[in-house]
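Here are my comments on the model you sent. Please read them with the structure open.

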Amino acid sequence: MLLVIQQLLQQALKNAIQKQLLPGFSVAPLSNKDKRDIPLSLISVEISDKEEFGDYNSNLPFKIAKLSNVAPEKVGSILTSELRQIPQGNNFFSQIEATKGYINFYLSPDYLLQSLQTILRQRDRYGYVIPKTGRNLVIDYSSPNIAKSFGIGHLRSTVIGQALYNLYSYRGWKCIGDNHLGDWGTQFGILIYQINKLIEGKNRRDQKEILQNLTIKDLERMYVEFHKQLEENPQLKEQAKEWFRRLEKREKKALQIWKLCLSLSLREFNRIYKLLSIKFDYSIGESFYSRKARILLREIQKKGLAKKSEGALIMEFPDSNLPPALLLKSDGSTTYFLRDLAAVKYRLKKWHPKMIIYEVGADQSLHFRQLFQAVKLLKWDEVKLVHIAHGLIRDKEGKFSTRLGRTISLEKVLNEAIRKSEELMEKSETKRRLSCSEKKEIAHAIGIGGIKYNILSYHYSKDIIFDWEKILNLQGNSGPYLQYTYVRCYSIIQKAQKEGVRLGKLKKGISLNKDEIVLLRTLVKFPDVVQVAAEKFAPNLLCDYLYNLSSLYNYFYQQFPILKAPEEDRSKRVQLTLATSYILRRGFYLLGMPVITKM
RNA sequence: CUCCCUGUAGCUCAAUAGGAUAGAGCAACUCCCUUCUAAGGAGUAGGUUGCAGGUUCGACUCCUGCCAGGGAGGCCA
């Protein structure tokens with residue numbers, strides 16, 4: 001609908017200009033390609049946040065006023081009268097009004113009912129757009145450094161990244177999700193050094209046994225120990241770097257231990273991903289780019305963009321105030337930066353994306369600014385590069401750090417959430433008649449949904465101070481609140497079906513009361529909300545919307561009988577319930593929240 | 001020292017490519033289960049949007065300075 005309104009406004013504006021109603025107005029400075037065309041980006045339309053301003057509104061008159069010598073109020077009335085003359089508009093709106101320089105659009109009751117019918121027909125596919133060719137999008141998310149357990153710090157990238165993937169996929173993009181595993185670099189030098197120490201001088205059988213019994217916890221412990229030892233003995237670092245160098249040279253021993261670390265880690269990570277229902281199309285680790293990085297280095301050198309400095313190779317960014325980035329270390333091993341640049345090149349070649357989204361923490365902002373600048377200097381294909389720099393999850397002391405052994409494992413948080421939801425279930429005042437296994441399953445879904453919703457409902461730019469109480473909030477504006485609303489809908493639908501209410505079919509000539517209309521107006525806007533949430537990279541907007549929708553439904557539920565209503569109300573209220581359940585279910589799916597039918 | 005991010009009700013947040021009267025939840029206090037799941041609903045109270053300037057029809061939003069917290073800054077990733 002947002003796009004429809006933009007186009008209507010664009011048409012109205014063109015007409016007004018043609019009729020010379022807007023003296024002095026010129027789009028020339030806005031668009032140099034075709035002077036008669038008004039760029040859609042100029043035409044701002046928003047989903048209204050207040051009922052009295054209609055369903056959608058535009059502040060276009062203010063913008064036009066600035067570009068001409070006509071007052072905003074006048075522009076508003078000129079545009080509305082032009083809008084009314086475009087027949088297409090009458091299909092959607094009962095009223096288009098100009099007030100105080102704004103233009104407000106009110107969806108007509110006819111259109112609302114039609115849309116309800118559409119929702120009932122399309123079920124939870126309402127608002128889905130088939131991917132268009134040329135709209136490929138690579139999303140780099142989760143991307144943990146492996147060889148340690150999945151910490152709370154990994155959660156944001158994983159969960160927001162997955163949500164963005166879902167949002168864009170739903171709105172016409174072909175998404176490629178790539179888990180850019182941190183499976184290369186000096187950290188593996190450290191581990192290889194530590195593990196090698198364990199097996200050095202032992203016979204084959206003992207070696208094998210030691211290696212087989214290693215767990216992810218051991219790797220993590222060794223990593224922490226190494227950094228402790230480093231404080232007393234700084235030369236140890238050379239050992240680790242030496243091992244990494246040997247790994248890059250693909251020495252058999254180094255490679256073997258590395259592979260072991262990799263498979264141990266993957267087992268752990270895949271277990272957690274499954275738990276969280278996170279999926280990737282690819283998990284191409286950094287290791288994959290180690291060789292490509294060297295080939296790329298030649299291209300960079302050929303283009304004269306590499307420079308020797310203190311024995312290492314660096315890249316400078318003369319047109320920006322960015323500090324230089326390290327391409328190659330003085331011992332000849334590749335850097336994160338070079339490998340990441342190689343990854344860009346590979347992705348461009350393989351998927352021809354229009355955009356690459358990096359859902360990576362804000363602590364890497366400099367890295368990405370340098371990376372994007374490098375892509376510009378290399379003059380590769382046009383691609384929009386975006387770093388969604390989410391704030392850190394930290395405690396009051398500061399950043400969580402594996403190196404210092406200061407982490408909270410995600411599993412611990414999940415288990416705690418599940419425990420708490422079990423507790424709540426026992427305390428609950430409603431009789432639920434749930435079996436033991438059902439209870440377990442539900443507690444699980446609520447725990448996971450609660451934590452995911454909690455993380456997603458923050459704007460990505462904010463730091464989150466980890467607090468057990470906050471992350472485990474299962475009441476009020478929270479995941480379980482939404483799930484509960486869905487359960488209510490589901491329960492009613494089940495009962496309606498048993499009572500023989502015909503589902504998915506609207507009777508002719510029905511009319512809705514005020515509160516029913518409010519609910520329907522919200523339902524109808526779902527596709528626009530998904531669209532805006534994707535464009536702004538902000539799943540929290542969808543959280544907001546779903547919370548608001550749930551809230552409206554719960555009010556409606558409390559206020560009016562549904563199954564017990566007189567026949568003429570019963571049917572339409574059941575249909576509204578059904579539509580709400582479709583939207584909620586789709587919303588949960590987009591956010592990656594589990595759907596449950598009882599709780 | 002330089003650069004980046006954040007600062008909104010007692011607490012946690014929303015509103016962030018400038019828009020109309022800054023919205024929720026938690027905590028507090030009042031009501032509502034013989035009625036479709038009370039993890040719910042209705043209501044009361046709570047604000048100089050860190051501070052000071054500036055830009056303009058309009059600023060939580062943009063600019064400048066300051067304050068507070070966090071992050072990053074060539075051989076971790």
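Predicted model: local features only at pLDDT ≥ 70, side-chain atom pairs only at ≥ 80, totals over all residues.

The points below take the helix packing, then the sheets, then the RNA surface.

1. Local features are described where pLDDT is at least 70, and side-chain atom pairs count only at pLDDT 80 or more. Totals for chains, interfaces and linings use all residues.

2. **H17 against H20.** Start with helix H17, residues 479–498, and helix H20, residues 539–559. Their axes come within 10 Å and cross at roughly 45 degrees. That angle makes H17 oblique to H20. The crossing is left-handed. On the H17 side, the contact uses Tyr481, Leu482, Thr485 and Arg488. H20 answers with Leu546, Tyr547, Ser550, Tyr553, Asn554 and Tyr557. By class, this contact holds 6 nonpolar, 3 polar and 1 charged residues.

3. **H17 against H21.** H17 also packs on helix H21, residues 567–591. Here the axes are 9 Å apart and the angle is about 140 degrees. Why call this pair oblique? Angles over 145 degrees count as roughly antiparallel and 65 to 115 as roughly perpendicular, so an angle between those ranges is oblique. H17 and H21 are therefore oblique to each other. This crossing, too, is left-handed. H17 brings Leu482, Thr485, Tyr486, Cys489, Tyr490, Ile492, Ile493 and Ala496 to the contact. H21 brings Val574, Thr577, Leu578, Thr580, Ser581, Leu584 and Arg585. The contact divides into 10 nonpolar, 4 polar and 1 charged residues.

4. **Residues of H17 to look at.**

5. **The mixed sheet.** Three strands form an open sheet in the order S13-S12-S14, with mixed pairing. Strand S13 (398–399) and strand S14 (464–465) are the edges. Each has a single partner strand, so one side of each is left without a neighbour in the sheet. Strand S12, residues 393–395, runs parallel to S14 and is joined to S14 by 2 bridges. For a landmark, find Ile393, which stands opposite Ile464 in S14.

6. **The antiparallel sheet.** Another open sheet has 3 strands in the order S7-S8-S9, and its pairing is antiparallel. Strand S7 (306–309) and strand S9 (325–328) are the edge strands, each pairing on one side only. The twist averages 45 degrees from one strand to the next. Strand S8, residues 312–315, and S9 run antiparallel and are joined by 3 bridges. Ile314 stands opposite Leu326 in S9.

7. **The RNA surface.** Which residues are closest to RNA strand B? They are Phe62, Gly185, Lys329, His459 and Gly476. The surface near RNA strand B has 34 nonpolar, 32 polar and 22 charged residues.

Methods: Residues numbered from 1 in each chain as written. Chains lettered and ligands numbered in written order. Pairing = 2+ DSSP bridges. Helix = DSSP H or I, 4+ residues; strand = E, 2+ residues; numbered from the N terminus. Axes fitted to C-alpha atoms, helices over the stretch in contact; angles between N-to-C directions. Parallel < 35°, antiparallel > 145°, perpendicular 65-115°, else oblique. Left-handed = near helix turned anticlockwise from the far one by under 90°. Contact = placed C-beta atoms within 7 Å. Nonpolar A, V, L, I, M, F, W, Y, C, P; charged D, E, K, R; others polar. Near = placed C-beta within 6 Å.
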